[in-house]
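Good morning, and thank you for the time. I would ask everyone to have the sequence and the structure in view while I speak.

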Amino acid sequence: MTITDWPRTAAEPDPETASPAAVSGTPKPVSRTPGIVSDAPESVSETESGTGTKPSPGKLTGTQKWTAGAIVVAALALAGIGLYLSFEHVADFAFTELRFGTLGKGQLFAVGVDTGIMVMIAVDLLMAWLKRPINWIRYPVWLLTAATVVLNAASGAPKDRAWELLDYVAAGAHGVVPVLFIMVVELGRTSIDRVVRPDQAERDSIPWLRWVLAPVATARIFRRMRLWGVTSYPEMIRRDQQLIAYEQWLKRKYDGDLSKATEDELLPMRMAPYGYTVDQALAMPDEQEQAAQEREEDAERRRLDAETRSEVAKAASEAERLRAKGKVEAVRAEVDGQTGQARAHARAQVSAAERAAALEEAALETAVIAEAHAREAEAERKEAQEREAKAEADLRAAELERQAAEKRKEAAEADRIAAAETQAIETQTIAEARKATAEANRRAAETEKDVAETWRATAEANRKKVEEERRQEAALADIARAKQEAAEAEKAAAETRLAAAEVERRAVEVEDAAKLSPRERAVRRVARMILGTAAGVAHQLPLADIQRGLEVSPGTASEYRQEAAELLAGGYRP
């Protein structure tokens, strides 16, 4: 604070007071000069608009309560009387002279003014009771009360003649009751304030005789007391006495020429209008130098603190940067590991799919070759069976021929014998031989018939065998066709898996290039599973497949499927 700064409050007669250079302190006298005036009560820094902090030390007794109640009743009666006396005059004057138009509007005007006065008085007393007084509210009350007094006096003013003494008395009589009511209200407000704030300092009044004898100097003292919150009149007198004595001493020192005095010596006269005492003004240079030194020390201390904080902040920032870098490296290593793992897993899947496709293709070729070999073996077996059947049929035919030849030989022998016997003796024996020959011929005919029947049965058996072989060949053809179709389906499935593995490999390469996180990779893999196995419908892909393929929990599988559905809805296609 410079020497031209105004102190916040007035000084108090305390020899141990701090100088006015303090930021929020109250300037107090430093002089220890005794006997100038009697001891004055200590002043406080609170003005009339301040608030107390201590409650009343005790409660009212029963008699005090009854007395207070009687006073309130009397004040209300006084207010009612004042309102009654002024209401009709103000309403009539407002109607006739103030051009309110109708008597009802004039009455409303009077009621409004009186109600406003009563409301502001009630608020003033309530806030004083709550130890939160509003000082400015009394001034509108005084102004409105004065207005009602003027309106009442104007309503009784003579219109067609000059004012006489009795007219002035009558006009003054209109203001007696309102003034009494305002005085009672102010008295009640002060009483409430003293009850609820017993420690609140009271402002000394200046004796009326001083106003009469020295009105100008007294007005100056009153102004300084009000401006700087000096509540003690003796303290204010002591300050003036000190200032006058110092000024006389200074004139005596420089032979009446105050222009020779230094700036520091003239400080008491210059700072007196701002509430400083002589001792406080003289102490200001030293106090300002001390304050400046303290400010320099504080500035140096703040600078050092700022440098320390800056170094600490830099060290903390470097440590945080290193920690962040370590975290980034750890995350990068983790991502690289997961990416490598996913890439290796994808390569393993692709390799496994390729090996499976190769094995399936080899198996398919082996099945086709085996089926061809089976067909050849079956054809050879059928051909052998046919040759065996034919040989058996030929053998049976040869046996039948042999038997017929024997029969014919026997018949020929019998004919020869018969002829010989015929030539020898035409006897019964020859007849019997002929009979035997006829019997042999009959048997030969039957044998030929049996041979023919055998040939027919053989032909029928051959026909049935051929039909059976034809049915077996059709069945084998169906089996071979079914095996071929199954092999073709396996081959198509292998090709599909190979294509899926290729798509998976390309997708992994794209994901590696995009540096996706493991979760994003998993979501895209689920999206490809939906496209490959669920025809693009997310809810048709079982969660068990996702759990089995990604080795995750059911909740995570459900989240992956939901995110994959949203990804597909956004246009994702691998």
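Predicted model: local features only at pLDDT ≥ 70, side-chain atom pairs only at ≥ 80, totals over all residues.

Helix H12 has 16 residues, and from its first C-alpha to its last it reaches 22 Å, close to the 22 Å expected at 1.5 Å a residue. Several of its residues are buried, including Arg521, Val523, Arg525, Arg528 and Ile530. After the helix comes Ala535, which has a positive phi near 60°.

Arg521 sits in helix H12, which covers residues 518-533. Is Arg521 buried or exposed? Its relative accessibility is 8%, and because the limit for buried is under 20%, Arg521 counts as buried. Which residues does Arg521 touch, once its neighbours within four places in sequence are left aside? They are Thr339, Val508, Glu511, Asp512 and Leu516. Of these contacts, Glu511 is ten residues away from Arg521 in sequence, with a C-alpha to C-alpha distance of 6.9 Å.

I turn now to the open spaces, starting with the largest pocket. It holds about 940 Å³ of space. Its lining is made of 26 residues, and closest to the centre are Ala68, Val72, Gly188, Ser191 and Ile192. Helix H1 (62-96), helix H2 (103-129) and helix H5 (176-196) are the elements that each give two or more residues to this lining. The largest share comes from H5, with nine residues. By class, the lining of the largest pocket has 20 nonpolar residues, five polar and one charged.

How many cavities of 30 Å³ or more does the structure hold? There are five. The largest cavity contains about 170 Å³ of space. It is lined by 14 residues, and those nearest its centre are Gly82, Leu83, Ile117, Pro178 and Phe181. The elements giving two or more residues to this lining are H1, H2, helix H3 (138-155) and H5. Here H1 gives the most, with five residues. The lining of the largest cavity comprises nine nonpolar, four polar and one charged residues.

The second largest cavity has about 50 Å³ of space. The residues that line it are Ala393, Arg396, Ala397, Leu400, Val451, Thr454, Trp455 and Thr458. Two or more of the lining residues come from each of helix H10 (278-424) and helix H11 (428-514). In this lining, five residues are nonpolar, two are polar and one is charged.

My last topic is the aromatic rings. The count comes to four aromatic pairs. One of them joins Phe100 and Phe109 in a tilted arrangement, with 4.9 Å from centre to centre and 35° between the planes. Phe100 is partly exposed, at a relative accessible area of 28%, and Phe109 is likewise partly exposed, at 25%.

A further pair is formed by Tyr246 and Trp249. Why does this pair count as tilted? The ring centres lie 5.7 Å apart and the planes of Tyr246 and Trp249 meet at 35°; planes under 30 degrees apart would count as stacked and those over 60 as edge-to-face, so the pair falls in the tilted class. Both residues belong to helix H8 (residues 233-253), where they are three residues apart, about one turn of the helix. In general, an α-helix has 3.6 residues a turn, so residues three or four places apart point the same way. Tyr246 is buried, with a relative accessible area of 10%, whereas Trp249 is partly exposed at 37%.

Terms used
Residues numbered from 1 in each chain as written. Heavy atoms only, no water. Helix = DSSP H or I, 4+ residues; strand = E, 2+ residues; numbered from the N terminus. Buried < 20%, exposed > 50% of the residue type's maximum accessible area, 1.4 Å probe, protein only. Contact = heavy atoms within 4.5 Å. 1 Å grid on protein atoms, 1.4 Å probe; cavity = no way out; pocket = protein on both sides within 12 Å on 5 of 7 lines; lining within 4 Å. Points joined across faces, edges and corners; volume = space filled by probe spheres on them. Nonpolar A, V, L, I, M, F, W, Y, C, P; charged D, E, K, R; others polar. Expected span 1.5 Å × (residues − 1). Phe/Tyr/Trp six-rings, centres within 6.5 Å; stacked < 30°, edge-to-face > 60°.
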